[in-house]
Amino acid sequence: MQAAAARFVRDVVRVLVGEWERRGRYPREEVGASGLTGPFSPKEVGGLDLSYPQGMDVFEELGRGDAALAFSLSMHNAVAAAVSRAEDAGLATAWGERLAAGEALGGFSLTEPHAGSDAGAITTRANERADGWTVSGRKAWVSLAGEADLFLVVCKTRVEPGHRDIAMVAVERDQPGVSFPVIYRKAAADFLPIGEMHLDRARGTLLAPPGQGMRAALSAIDVARCDVAAIANGLHAEALDLALAYARDRVAFGQRVLDFQGIQWALADAATDLEAGRVLTRRAAERLGTPGGPVAVAHAKRFCPDAALRAALLASEVLGAYGWLRDHPLARFADYAKMLQVVDGTAEVQRIVIARDLVRRAEEL
Ligand SMILES: Cc1cc2nc3c(=O)[nH]c(=O)nc-3n(C[C@H](O)[C@H](O)[C@H](O)COP(=O)(O)OP(=O)(O)OC[C@H]3O[C@@H](n4cnc5c(N)ncnc54)[C@H](O)[C@@H]3O)c2cc1C
């Protein structure tokens, strides 16, 4: 899988990403044919059932190519894995194979215009009727808006505030009551549609019942946070390689830029950060699903995007003026590292998870 991801990056992503950006088109066919759409889905639906640490190697490779595309695959894969293990056999049968094969794409809708980090403040409502569930509300920052075929929508089932009644409902895109009226203009990744999803009594299938929706969402988000850390490591590794190659070939004041000690020390720090990020990510992936999982994941998700941003800025500095060229691969790295800091929970949210654990430990000392 790691080799397949590296080939996909070399032969498809690097060759075509400029065109995808210019056209503002999500590479649906290329993603579908990549063989990377079911790494965590079970074998019965055609998935690869990879362990999480194995999956992280795949996401690091993808992060070397394009972090936004990698992020969209992380989200799709989380949806594909959850749907294929759904208790509702009809849902699993209808969608499990198609999602794992990349014939259909999955999206995840938690955030709302007024509720991001504070996910418990969402107001989108799911209502149970005699013939199934309907969902009404307004979601924001939905990746693959209008492009994914099936969305996992996190919703309230009661009017009272709080998260004890939260459920997760699978909603098909192509039906009355589902629309994507707002698509954002962003700092980068024009090919990835992100925007609002409006739901007006849209029909859905229950994936996690009331009371279990937030837990289901958080366990999917923990996997996604690990993916994001691995994607950041890929971006970091690629930035470092671009800087090394340029510094090796560029001569200034009669010597290679690579031989200036000031540059070497900065590159050495970036290399240490990359090693640390990889160790944190692997450890987090190994601990997923255990009681220590969320904190291990928070350490990796907090550290790796920050380190990737520092590496992107350093590489840009090493390349001098050339790092500022729009068509240079490095040009979008800093924007992407900023994106990775925010998606699936900001750095501050990770610090809250880590700090809660520290407070618990302090009280036990
Ligand atoms: C490219 C991209 C793709 C996305 N895709 C999806 C998607 O597919 N589905 C989806 O549901 N969401 C998606 N999101 C939304 C993302 O999950 C949220 O942006 C993120 O959770 C942060 O929420 P927010 O932007 O509303 O920031 P806010 O919650 O408004 O936070 C604003 C600032 O305050 C800080 N802050 C908040 N609370 C605290 C606190 N208690 N202590 C200290 N600081 C705090 C935050 O860290 C942040 O710096 C996406 C976002 C981006 C950028």
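**Ligand shell**

I looked up which element gives most to the shell around the ligand, and the largest share, three residues, comes from strand E3; helices (H or I, at least four residues) and strands (E, at least two) are DSSP runs, numbered from the N terminus. I note that this is a predicted model, in which local features need pLDDT of at least 70 and side-chain atom pairs count only at pLDDT 80 or more, while totals for chains, interfaces and linings use all residues. Residues are numbered from 1 along each chain as its sequence is written, and side-chain values use heavy atoms, with hydrogens and water left out.

I found 19 residues around the ligand, the closest being Thr-111, Ser-117, Trp-141, Thr-346 and Glu-348; a residue is near a molecule if one of its heavy atoms lies within 4 Å of it. By class I read eleven nonpolar, six polar and two charged residues in this shell, where Ala, Val, Leu, Ile, Met, Phe, Trp, Tyr, Cys and Pro count as nonpolar, Asp, Glu, Lys and Arg as charged, and the others, Gly among them, as polar.

**Polar contacts**

I then checked the pairs of N or O atoms within 3.5 Å. An oxygen atom of the ligand lies 2.8 Å from a backbone N or O atom of Leu-110, and a nitrogen atom of the ligand lies 2.7 Å from a polar side-chain atom of Thr-111. For Glu-348, I noted a polar side-chain atom 2.6 Å from an oxygen atom of the ligand. The ligand taken alone exposes 970 Å², of which the protein buries 63%, with areas from the Shrake-Rupley method and a 1.4 Å probe.

**Packing of H3**

I turned to helix H3 (residues 52-65), which packs with helix H7 (residues 261-287) at an angle of about 140°, their axes 8 Å apart; axes are lines fitted to C-alpha atoms over the stretch in contact, and angles run from 0 to 180 degrees between N-to-C directions. H3 and H7 are therefore oblique to each other, given that angles under 35 degrees count as roughly parallel, over 145 as roughly antiparallel, 65 to 115 as roughly perpendicular and the rest as oblique. With helix H6 (residues 213-249), I recorded for H3 an angle of about 45° and axes 7 Å apart, and this pair is therefore oblique as well.

Note on methods: A polar contact is a pair of N or O atoms within 3.5 Å; within protein, one must be able to donate a hydrogen and the other to accept it, and residues adjacent in sequence count only if both atoms are side-chain atoms.
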